Amino acid sequence: MLAKGEQALLERRSSHPGEQGAFPGKTYAEIVLEPAYEQAKRHLLGPMIAVNKAHLIMLREQNLIAEHEANGIGRALLGLDQEKLRNNRYTGKFEDLFFEVEHELAVLAGERAGNLHLARSRNDMGIAIYRIVLRGKLLTVLQSALSLRRRLIDFARKHAETLMLGYTHTQQAQPTTVGHYIAAVSDSLGRDIGRLIAAYRNCNRSSLGAAALTTSGYAISRERTAELLDFDDLIVNAYDAVGGADYVGEIAAAVQLAAINLGRFSQELLLWGTTEFAGIRVADPYVQISSIMPQKRNPVSVEHLRSLLSACAGDAGTVLMMIHNTPFGDIVDTEDDLQPYVWRCLRTLDSVYRLLAEIVATLEVNREVLRARVKGSFATLTELADTLVRKEGLPFREAHGIVASLARRAYRSGMSASDLTVRMLNETALERIGRLLSLSEDELHEALDPERFVAIRDVIGGPNPQEVNRALSVQDAELQEAQEWTQKKQESHEHKFKELDRTIAGWFLD
């Protein structure tokens, strides 16, 4: 007679055939192996074959396998039907794509195909594949980021003299220009690009030859496989090569910060496009008319940007949390399961860069509204305080106090800055410092002029149009350098992968 618990366990097992016995269990295969297989077909197959080719070339050059064996394996690698593999469905016959590829090579080359696994492990091979995939995705994202920066620079140059209010603490602060503001967004994007390039450089290092974690007793050349696959360097310590995950974390951190930075910009675009603010107008291809309110232009493209950037930052944060507290030698958590999250956050960031570039390129700025808002504000009063310091010899805090009192008085009376007079200024000065000032009406109006406010701020980084254009020229140079670097890397990777095929094919011509 079975106990109640034992009977329940037996019933559960009988209702799930395939859960007991040989690996893999049915539910494990469904939840883990099948999704991983589909991801591997889409992302890992090409790099997997390339790693096999590079390892084979190195083994032959190091005389670790016979020439006829290398030739046979080489023919199998070149003859592998990758399209068939990509179209296959997961059946459970093979645990994963790696074993299926190994089986296909054995079919084509016979038992000698097993020597392809000499002096390597799934560990160092897997890390190399992931790094190849990620460096390619990083270059794709960088190309889109650079295209966006090009649009931002052009937009900023076009609006170097377009007056607008700058805001701090959500309040009107000082006059600036649209070009000055957008140049700041572009500078921020430039730093994001720099972080992505730095992440690429740490990613593009070879783990091959580390094997499981201690290298190999065979006289392999780690440098040669790195060169063949266009890695810039080795991960020297073999344990670090298979156990370290900071290259993934660095990518995730760079992506997360880039998403947060652009999220702030997208939020401001939504604010500026409101009817009340009326500073910008999103072009028709990127707005949606309300289903019930015919007058409404909903900037759905920018709204989607904001939500996509939040999702991007979330996926990147997931990557970082998956690495957190993972044992140094455990590469399942830090590699196999988190890779799709890295790929997804990179894909999302790339999509956002491409969409935002189009939105910026077609964005309309309401120059008249922005200019009138500056003219009707008290945003130039900083310059009035500075003028009192220069002309009257007052300490800045005294000048600041006089102008602050003048602003409060004008605000209570419902006046704007253009309504201020020297008489009002002198009355305020008498109350604050006990004497009149020598400022004339013309000097007062000059101090309150927003164009002059912007023009005299020609210190490095200021809104003066000539200074903005100078800064944009520096950004142009940075952009050009990054574009050339990215293009060179892309072409180099493609060349190296083609060279693998040419090298192996050349064996059969000897």
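Let's start with a cysteine pair. The sulfur of C312 lies 5.3 Å from the closest cysteine sulfur, which belongs to C345, and that is too far for a bond. Keep in mind that this is a predicted model. The cut-off for a disulfide is 2.5 Å between the two sulfur atoms. Searching the whole structure gives 0 disulfides.

Are these two cysteines buried or exposed? C312 is buried, at 0% relative accessible area. C345 also counts as buried, with 0% relative accessibility.

Next, helix α3. It covers residues 45-61, which makes 17 residues. How far apart should its ends be? At 1.5 Å a residue, the helix should span 24 Å. The end C-alpha atoms are 25 Å apart, so the model agrees with that expectation. Just after the helix comes N63, with a positive phi of about 60 degrees.

Which residues make the nonpolar patch of about 290 Å²? They are L213, Y239 and F328. Let me place F328 for you. It sits in the loop between α12, residues 300-323, and α13, residues 331-337. Its relative accessible area is 47%, so F328 is classed as partly exposed. The exposed class begins over 50%.

That's the tour. To recap the cysteines: C312 and C345 are both buried, and the disulfide count is 0. Happy to take questions.

Terms used:
Residues are numbered from 1 along each chain as its sequence is written. This is a predicted model: local features need pLDDT of at least 70, side-chain atom pairs count only at pLDDT 80 or more; totals for chains, interfaces and linings use all residues. Side-chain values use heavy atoms; hydrogens and water are left out. Helices (H or I, at least four residues) and strands (E, at least two) are DSSP runs, numbered from the N terminus. The expected span of a helix is 1.5 Å times one less than its number of residues. Patches are made of residues with over 30% relative accessible area and no salt bridge: like charges are joined within 9 Å, nonpolar side chains (Val, Leu, Ile, Met, Phe, Trp, Tyr) within 5 Å. Accessible areas come from the Shrake-Rupley method with a 1.4 Å probe; for residues, only the protein chains shown count as cover. A salt bridge is a side-chain nitrogen of Lys or Arg within 4 Å of a carboxyl oxygen of Asp or Glu. Buried means under 20% relative accessible area, exposed over 50%, partly exposed in between (1.4 Å probe, protein chains only).
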